[in-house]
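Thanks for coming. I will go through one model this morning, helix by helix, with a few words on the loops.

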Amino acid sequence: MARTIALRQVSEGRSGCLLTVEFAGDSAGPGPAATLAEVEAEAGAEAGAEAEAGAEAEAGAGAEAEAGVDGAAGAGAGRQPGGPARGRRHEIWRLDPVTSLELHPGLPGHRDLADACAAEFLRLRPADAGPVTVVGYCSAAVFAHHLARALADAGGPPVHLVLVAATVPDEETVRREYAVLHRKLTGEPAPAGPAPLLADPDATVDRLRHELTRLARAFATASGFDPAEADTAADEIAGRYLAWLWFLLDAAGTGPAPVPCPVVEARDDAEALGLLRAWPLTGRPPAPAQTPGDELTGTDHATGGRDDGTAGDPMTTDGRRGTR
């Protein structure tokens, strides 16, 4: 299953390792991994430029001193004090569990998928490479718990679990997200579905696969694809949508796993970015830690408090896979 894991390294660094769990094509933005890497790269470039300017100023001050001019003031002016995050770079890895589900035909549950993801991560980055902090984004928070547990069981326990706008999906989350996808494909509201979805998850998945494939094929045909292209497009669209709905459904049925490390919560992307930039991730976090294994709670589960019906959706509005 290792070849079906959507895992990649985003950046290199020496201030601790982050393994972020987030989705491709999330309409909320580029995602914490890419954002943090970009911000740290910019900060590093600025710090390097300031250091170079300071060195030039000191060299100039030294030349003036040799000429009999007191250059102490000039040398001091050339040094720019930086904050604790100036020039700091984290090693960042990005894991997309929904794409991993899409790539794997068996649609494994959270526990099995977390085990496979942990094994692949430790294959690429062995546990002796240094401590790792797992970051779970929005409705990936439940999976982040299972990933932290799986890493510990595989011999690479994380030092912290950071949850950003954490939510726990339920059956209503799945219904609401299906309604969003249905409207994207048909322009019409979704009919009321049978309840409860979790009573027979296998039957629910079979029904969703049939409905999504039928709707996606009609969508592709109406968009001008020839029959063969329409079938290919329908399989891709339905596969992506089904992976997303199954991810939510299994999270609702499974719930968070106990974790062997402190849990830190950030309310939104901005708070998470400030937290992670200021934190070397090798010691105590600069925010109160929850008791390991605490249950997550949330009100607007799929969207992290936003009610536009799209923030938790891992697809772009035209039904094609998005990018982060």
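This is a predicted model: local features need pLDDT of at least 70, side-chain atom pairs count only at pLDDT 80 or more; totals for chains, interfaces and linings use all residues.

Residues are numbered from 1 along each chain as its sequence is written, and side-chain values use heavy atoms, with hydrogens and water left out.

Back to C138. This residue is found in the loop between β4 (132-137) and α5. Helices here are DSSP runs of H or I with at least four residues, strands are runs of E with at least two, and both are numbered from the N terminus. C138 is not a glycine, yet its phi is positive, about 55°.

Where is the other loop residue of this kind, A165? It lies between β5 (160-164) and α6. A165 is not a glycine either, and its phi is positive at about 50°. With 18% relative accessibility, A165 counts as buried.

Now the first helix pair. Helix α4 covers residues 110-124 and helix α5 residues 141-153; they pack at an angle of about 55°, with their axes 8 Å apart. The axes are lines fitted to C-alpha atoms, for helices over the stretch in contact, and angles run from 0 to 180 degrees between N-to-C directions. That angle makes α4 oblique to α5; under 35 degrees counts as roughly parallel, over 145 as roughly antiparallel, 65 to 115 as roughly perpendicular, and the rest as oblique.

Contact means heavy atoms within 4.5 Å. The residues of this contact divide into 11 nonpolar, two polar and two charged. For the classes, Ala, Val, Leu, Ile, Met, Phe, Trp, Tyr, Cys and Pro are nonpolar, Asp, Glu, Lys and Arg are charged, and the others, Gly among them, are polar.

Among the buried residues of α4 are H110, E120 and F121. The 15 residues of α4 should span 21 Å at 1.5 Å a residue, and the end C-alpha atoms are 21 Å apart, which agrees. The expected span is 1.5 Å times one less than the number of residues.

The second pair is α7 and α8. Helix α7 (residues 201-222) has 22 residues and should span 32 Å at 1.5 Å a residue; its end C-alpha atoms are 31 Å apart, which agrees. Its buried residues, among them V205, L208 and L212, pack against α6 (171-186) and α8 (227-254).

The axes of α7 and α8 come within 8 Å and cross at roughly 145°. This crossing is right-handed. By class, the contact of α7 with α8 has 17 nonpolar, three polar and four charged residues.

Leaving out residues up to four places away in sequence, T213 touches A234, D235 and A238. T213 and L242 are 29 residues apart in sequence and 9.3 Å apart in space, C-alpha to C-alpha.

Last, α7 is followed by G224, whose phi is positive, near 100°.

Methods:
Buried means under 20% relative accessible area, exposed over 50%, partly exposed in between (1.4 Å probe, protein chains only). A crossing is left-handed if the near helix is turned anticlockwise from the far one by less than a right angle, and right-handed if clockwise.
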